[in-house]
Structure formats: structure tokens, C-alpha cells
Amino acid sequence: MEPSNIVVLLQTSPYHVDSLLQLSDACRFQEDQEMARDLVERALYSMECAFHPLFSLTSGTCRLDYRRPENRSFYLALYKQMSFLEKRGCPRTALEYCKLILSLEPDEDPLCMLLLIDHLALRARNYEYLIRLFQEWEAHRNLSQLPNFAFSVPLAYFLLSQQADLPEQEFAHARGQASALLQQALTMFPGALMPLLEHCSVRPDAAVAGHRFFGPDAEISQPPALSQLVSLYLGRSHFLWKEPATMSWLEENVREVLQAVDAGDPAVEAQGTVPACTQKHPPARGPVRDQGSRCGTAPGRDHAAYGGLRPSASPGHHLLLRQAREAESRQPRKHNRPLLPVPAAKLHRGGGEARGRCGRGPEPQPGPEQADAGRAGHDGQLPLPRPGGPTRGAPRGGRGVGLSSALLCLVGTGRPLKYNC
């Protein structure tokens, strides 16, 4: 939990992807959102430079196996960029990132983009895309068994019917589909109605709140996994239901469902069974939110090790491993051995260059040639081309003033970061 150690690592490898993502989280926890976004963009730029010429993000046919640890950083960087875009009020761009993440492994969906894509589509007012996705994927993915799709698709139909330039025939079809799908969602997930009204600060009618179908028993009897999915959906999308016209439409369909329940409609009993996909908790995959691995992802039980296959556990392997451990136990242990080859004292106190970077002394102002040489001298960092001429400044062995000194000042003195990308 020392971000300064990551900064030291970025001195020698300014485009190390995992370090950039971890430092982005540290900046985000310190409420430095601009710096956090910039570090994620640097990580994406580093991986984009390594793309194969035949790898195209826009074709929709390229796949990346999430089980390979080399690919998880790319997934995580895209996910973080999508989250930043959504918070900045760019739902359409965030929706495109969500589509990209889903297209990399659509069958497995390791980051559970299907739990988020409906919300982004509604915020971006891309109702036709959400309806088309539901129609084409319902047959083989059973999207109606997810609470977010069960409620978002009828809401998309209803919002589509409210457009002023919609013909009368299409209006009647959209409103009919919206009401039918909403009644189906209320029948399949009755425990979602009361939390939805509570999030919208709406007091339910006494006949609805006291009914056995929508009462407290409906929410209590839900499986834990289903309750978690409902909570995730309502936490993101409850504000989309606060419009007066939407609430009136919801009230009409709730009364229709109650009439069908009181009449003993067999369709209500058939749809009221708990979906099989929500009876158990989802697998432990996707971005990890715990305190131990803020930047990592949980790969699941079927992940692959680095380099492809895991080593086989043969008897000879165990014998060699035991002999290596015995030989290591006979060697004297050095408990005070530093983790980094450069001592921390030399980085922070040795030499005027380090003092200038950390803000403890006057910082020299390099000229244009020195600045170019410094930026080109980093390992893994290419010299930047200048418009109107070739790139100046070959590597001369100097470190210069670039990303490394800026990050040191970020951690050491809190000075604002200024650099050229």
C-alpha cells in the first residue's frame, strides 16, 4: 500500500501497464480523477502500440481469452476507461466501450457486461440497439431471466413510443410490447417492485403494499443471487423510472398484474418460478472490489497460467522441488535485502537530480534538445515526433524530466503533474 514504490518502478518502465493501472487506482482514491484517467489512457496507448496488424477493434470478430493472464490488463483498462467516461457524462462513448469489451469474449462475458449494457443504452437513448440486442440474443442467452433486461427492455419500448415523430402504427406496437414485457417482468420478479418504488421515493398504494404477491414476503423469499442482481440494477437505473409518465405507466401495469393474480391466471404461476440462472451466485470473475486486490481481476477456476499450460505434477518434479528447498534452507537468509536494486536513500537524497525532482531543491530547466533526449532515454518510451520535421534527440543515457519526475513530485510533494504525451 505504498504508491511511491509504484512510482519508482515507473521510473525505469514508464509504460508498464499493471503499474499504471494500480497507480490510477491510488490517484482515484486520493480524488485526483484527472490523473487517474490519464494513467489509464497511457496504459491503453501502450497496449494499442502492441496490436497485431490484423487485430482490429472495430471488426467485431477479434477474440481475447480472458483466462490468459496476459489479456486481463487489457480488459481491466477498457473497463476503467468505460467507468470514467460514464462518470464524465459521456454515456454514448461508454456504451461503445461496453460493446467492445463484450465483443472480445461474448460467449463467456467475463466482466459481466450484460449487467451494464442496458443501463448505458438507456442513458445514451439508443433504444433501438437495446431492443435489437434483446431480440437477437434472447433465444440462446435467455436475457429475460436477468432482472436488468426484464425491466430495461419494456422501458426502452415505452420511451421509444414517446417520441414525437413516431407513426401511429409503430406507436401502438411499441406501447403494447412495453406493457406486455413489463407485466411479464413484474410477474417473474415481484420482489423488485417495492425496492424500485423506495428508490424513486414513491409511497405505494395500500392495496399493492399489503398484497401477498408484492408484499414483504416477495422480497424475502428471493435467492441471495437474485437479490444482488436486483440491487445492482436499481442502484444504477432507478432514476430512469422517476418521470411522471413512466410512473403512471408502471402503476397501470401493476394493477393489471394484481388482477391476473387474484383471478388465478395460470400464466402468472408459470412465470413466477425463480430463473435457474439466479438460483446460485455468479462465478467469481470480473473486476475485484475487495481491499486486497484493488487493481487485479479474479480469473476464476479455469484460468491459465503464464505461458499457457500449467506444469505437470510428476514425481520427478516434486523431487527436484524438495531438493531446491533443502538447498535454499542451507543458505544464510538476508532479511534486510532491498526489493529494488537502487536504494531509496539514493533516489530521494543522493544527488541534485533527485532533490530537484522531489521538490527539495531548485529544479534545472532543460532546453529543447535536453528535453527530447530525456523523453527518449526512458526504457520502453519512444521519442515523440514533432510536426513539420523528423524527431530530434537521440538517447544519450540521461533520464531527463518526464513522467518519472512528475510522478515523484505527485507522491512526494503533491505538485501538479505537467508533461507531454
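A crossing of two helices is called left-handed if the near helix is turned anticlockwise from the far one by less than a right angle, and right-handed if clockwise. By that rule, α4 passes α5 in a left-handed crossing. Helices here are DSSP runs of H or I with at least four residues, strands are runs of E with at least two, and both are numbered from the N terminus.

A quick word on provenance. This is a predicted model, where local features need pLDDT of at least 70 and side-chain atom pairs count only at pLDDT 80 or more, while totals for chains, interfaces and linings use all residues. Residues are numbered from 1 along each chain as its sequence is written, and side-chain values use heavy atoms, with hydrogens and water left out.

**The chain overall**

The chain has 20 helices and 2 strands. Of its 421 residues, 42% are buried, where buried means under 20% relative accessible area, exposed over 50%, and partly exposed in between (1.4 Å probe, protein chains only). Take contacts (heavy atoms within 4.5 Å) between residues at least 6 apart in sequence: 67% of them join residues at least 24 apart.

Two packed helices are described by the angle between their axes and the distance between the axes. The axes are lines fitted to C-alpha atoms, for helices over the stretch in contact, and the angles run from 0 to 180 degrees between N-to-C directions.

| Pair | Angle | Axis separation |
|---|---|---|
| α4 and α5 | about 160 degrees | 8 Å |
| α8 and α14 | about 125 degrees | 11 Å |
| α9 and α14 | about 60 degrees | 9 Å |

For orientation labels, angles under 35 degrees count as roughly parallel, over 145 as roughly antiparallel, 65 to 115 as roughly perpendicular and the rest as oblique.

On the α4 side the contact includes Phe 74, Leu 78, Gln 81 and Met 82, and on the α5 side Tyr 97, Cys 98 and Ile 101 are among the partners. By class, this contact has 12 nonpolar, 2 polar and 1 charged residues. (Ala, Val, Leu, Ile, Met, Phe, Trp, Tyr, Cys and Pro count as nonpolar, Asp, Glu, Lys and Arg as charged, and the others, Gly among them, as polar.)

α14 turns up in the other two pairs. It is oblique to α8, and α8 passes α14 in a right-handed crossing. Pro 154, Leu 155, Phe 158 and Leu 159 of α8 meet Ala 245, Thr 246 and Trp 249 of α14, which splits into 6 nonpolar, 1 polar and no charged residues. α9 is oblique to α14 too, also with a right-handed crossing. Trp 249 is again involved, as one of the α14 residues that meet α9. That contact has 7 nonpolar, 4 polar and 1 charged residues.

**Buried polar and charged spots**

Gln 81 sits in helix α4 (residues 69-87) and is buried, at 8% relative accessible area. Beyond its neighbours within four places in sequence, Gln 81 touches Val 40, Glu 41, Leu 44 and Tyr 97.

Asp 109 is in the loop between α5 (91-104) and α6 (117-123), yet Asp 109 is buried at 9%. Leaving out neighbours within four places in sequence, Asp 109 is in contact with Leu 102, Leu 114 and Arg 141.

**Cysteines**

There are 0 disulfides, meaning pairs of cysteine sulfur atoms within 2.5 Å. Cys 90 is partly exposed at 28% relative accessibility, whereas Cys 200 is buried at 9%.
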